[in-house]
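Subject: A structure for you to look at

Hi,

Here is the structure I promised to pass on. Have a look at it first, and then read my notes below.

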Amino acid sequence: MRTARSRHAVSGLMIGLTYLAAILATLPLILILGHIVAKGASSLSLAFFTHMPKPVGEVGGGMANAIVGTLILIGVASLIGLPIGIGAGLYLAEKRGTPFANTVRFLADVLNGLPSIVIGIFAWELLVRRAGFSAFAGGVALGSMMIPLVTRTTEEMLLVVPTSLREAALALGYARWRTSISIVLRTAMAGIATGVLVAVARIAGETAPLLFTALGNQFWSTSLRQPIAAIPLQIFAYSLSAYDEWHRLAWAGALVLITMVLIISIAARFVTRSRFGAAVD
Amino acid sequence: MTSLPAEWLEKEKDRRILRVEGSAVSDRIYEVLTAACALVVPALVIAIALAIFVAAWPAFSKLGLSIVTTSDWDVRAGHFGAAPAVYGTLVSSAVALIIATPLALGVAVFLSEFSPTWLRQPIGFLVDLLAAIPSVVYGLWGIFVLIPLLREHVMPFLRDTLHLGATPFFRGAAYGPSMLAAGVILAIMALPYISSVSREVLLAVPRSQREAALALGATRWEMIRDAVIPFAKSGIIGGIMLGLGRALGETMAVTLVIGNRLEISPSLFAPGYTMASLIANEFSEATSDLHLSALMAVGAILFLITLIVNAIARWLVWSVSRSQAR
Amino acid sequence: MRAIKLAALIFFVAACSKGDGNNSGAASSTASSVGGGADLTGAGATFPYPIYSKWFSDYATATGVKINYQSIGSGGGVRQISEETVDFGASDGPMSDDELAKAKGGPILHIPTVLGADVITYNVPGVTAVLKLTPSVIADIFMGRIKKWNDTRIGSLNSGVTLPNQDILVVHRSDGSGTTYIFTDYLDKVSPAWHTSVGKGKEVKWPVGLGGKGNEGVSGQVKQTPGAVGYVELAYAKQNNLPAALVRNKSGQYIAASVPAVTAAAAGVAQSLPANTDYRLSIVDAPGAQSYPISSFTWLLVYQHQKDAVKGKKLIDFLNWAMTEGEKTAPTLDYAPLPAEMVTSVKAKIATIDLAGAK
């Protein structure tokens, strides 16, 4: 017979297990971050940020070209992803409930869940096959991943803006498009900017779509029509090798990436929390 | 209420009239532009599907279903049976879910029910941050930390100390790169997705449910088990499917730790392969057209599987949020 | 709804007009030096990557011409040059006639650059001595027939060494590889069992083992995993302090891979070059008392008819530099330079690369 005591004991046990789960779930992050900082910090030097990679097997060198490459790829991706994403987000927020908007929202979520390697082979088929490996192709692949991310976060942020604001503007004689842009969009801008940064952080670390598009480059390159280096590509190439020197550089590169991602994530958390209170968790 | 100055009112009236006349065109342009942007999303999905399926067609028409049903991947002979890769994708994701789901649900329940309020944000944030770590960084960590750990401690422990080596799942030499390693890394990567969605839906369960159960004499655990979780069930399943979708498509972390061997083996200690890793390793050099097409076919299948899983996940989560809106 | 239709129309127009702006071939980007970037892009074999990366670095310092080389494996080199997505390819497995026929830009020349060696490298805990292996033992290890390091067949060849009771983990290539081609070409020749069950190629169906990506991945895997054995180019083993086994050659001698041993392997073939050779020569299991049996040429793959005048000229200049300056530095990384007789003939071959059809 299930006595009250045994039931409470079970309850206590399960509660204890959830505490354990909470500890176990936060452990990997701390372990991984700790390891990256420990291994990577010692390899971070000015040389890392300013030098090019050395020939195979030689000691030293840096990831300057990969850092600039990642920045350029983010730039191209943002040029594609931002306008389209924000535009689509505006559309979805305003035409909520229409079948087309629902379909677009659904497909954006689907696109978000697509494996990035599928995006990579798509970009290869579309661009690289005809015109060779290029930073542009890499940017297009990453931009395609940015579009659904920015679309959804823009829509979410726009929906938080109270309708009374929009109605007041319309009542004052603002044109509809003007209302959307100058009033609603501007109000939601902080949240949207945060969403954009989160999307940037996400694509900055992507490797698979770049394998067949940007390819990689040992030299300093800012050309869009040439292959280009990128931090995640270098980390991948270095980590599977046997060279200790390359491993050092890989950890340092990982530290740079993680730091960037962390700063953006913390900032995003801070911005959305302060604007919308503890309701957004 | 103070009245507005007359001159200002006159100017505003003119301005308003002008604006109403001119704004029709601008509004139109605005609508068309945003609609065009929105159109990009379905266009992109269709373009991706088209590009991949058209490229995969030669392999599908020549090899048919044998791409997924046979295990003979012999490039020179023109045989492309990717069944081991499909097996690897499914098994590594299954292992990931088996490890991640209890942990994720545990954290979600902890955060929504038991956690002191000051702890909620930080822990939630820390778990969510796992989703932000790039895949290749997971792979790097996997090679140098996880694999040695598995090889030297966990695998011998499972196989010998716990005598699980008697079962077919934990048999064989402990090399390190293995299905188990892939499953563990995928579990860490899927955890934040399951946990975040579960947390949301659990928090959204109305207090009345909880209070009613407690009033009827349930212990806290029974309240959660019988009143809260069933209410949030479809959302939680949606979260699990979201995690599954992520695990199915993961490439870089898996490629670095799974061992890259096209062979179906029941043992988790054995090296394996996934569809995504196969594409990553062989794509840039597929020498024959049939080889390239076969890889595209594998990509097409991966596309379909993740599409379906993510669609179901979204529908489940969406339907929960809709029912809450009532 | 009308807004959607209008938007769709704009879309289609934009998509269609972008479509016919594509022209085929990497030759479409001529002004490559605008905004920095490399002058030439090549991809392929990981086997010669150490020496190529040194060459391209030295060449950039000497002439300012930057050549970006990505080591994606010989299979990748063949594919990408056939598709004309790169300016040149590199492979240590010669292109087959079929592959040559499929190249989109016309005939491809195999320009041999250096000679290298596939070594059997291993990570056996407690063993610091250099192991001796015979062809049949190597074949059996890689076929999974010899499963433990202390197997009597390995022990009998290495009587002074205490071998542990450790499982052998075979590491092979997961990508299409010229290094694999060289190794399987060798095993195919020396082991009838290998010939019937596995065969040779850039990719084969490995009976056992796990895959590493590139020479980098195989050497990395071997270094990380106790009990592992793999085949890599000599430079990778040396640069990472991994041991390289002595292999018994055709004359019965146990030879270590080295520049003289590889040069000896090529000696026979260099002297008897046919007049109009395309250089697709195999030198595995070569005769000669000092020959290392798993040696090979490695080639740069270039189109005979270059489509881009600027790039074509840069390519030809580099190839000529490689034949003179490059060959001098090869031994510093344990690659054997081409025999002198071959250099003359290769230079003549380079001279046949024409820019006639170039824009």
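**What I found**

Chain A has eleven helices and zero strands; helices (H or I, at least four residues) and strands (E, at least two) are DSSP runs, numbered from the N terminus. Please keep in mind that this is a predicted model, in which local features need pLDDT of at least 70, side-chain atom pairs count only at pLDDT 80 or more, and totals for chains, interfaces and linings use all residues. Residues are numbered from 1 along each chain as its sequence is written, while chains are lettered from A and ligands numbered from 1 in the order in which they are written.

The C-alpha trace of chain A spans about 70 × 65 × 35 Å along its principal axes.

Start with helix α8 of chain A, residues 176-204. Its end C-alpha atoms are only 36 Å apart, whereas a straight helix of 29 residues would span 42 Å at 1.5 Å a residue (the expected span is 1.5 Å times one less than the number of residues). α8(A) has a kink of about 60 degrees centred on M189(A), the bend at a residue being the angle between axes fitted to the seven residues ending there and the seven starting there.

Next, look at helix α7 (residues 163-171) of chain A: its axis and that of α8(A) come within 10 Å and cross at roughly 140 degrees. Axes here are lines fitted to C-alpha atoms, for helices over the stretch in contact, and angles run from 0 to 180 degrees between N-to-C directions. That makes α7(A) oblique to α8(A) (under 35 degrees is roughly parallel, over 145 roughly antiparallel, 65 to 115 roughly perpendicular, and the rest oblique).

In chain B, helix α7 (residues 207-215) and helix α8 (residues 220-249) have axes that come within 9 Å and cross at roughly 155 degrees. α7(B) and α8(B) are therefore roughly antiparallel. Among the residues that meet there are L214(B) in α7(B) and F231(B) in α8(B). The contact of α7(B) with α8(B) has seven nonpolar, one polar and two charged residues (Ala, Val, Leu, Ile, Met, Phe, Trp, Tyr, Cys and Pro count as nonpolar, Asp, Glu, Lys and Arg as charged, and the others, Gly among them, as polar).

Finally, the two chains: 70 residues of chain A are in contact with 73 residues of chain B, meaning C-beta atoms, placed from the backbone, within 7 Å. Helix α1 (residues 4-41) of chain A gives the largest share of chain A's side, 18 residues. That side has 47 nonpolar, 17 polar and six charged residues.

Enjoy exploring!
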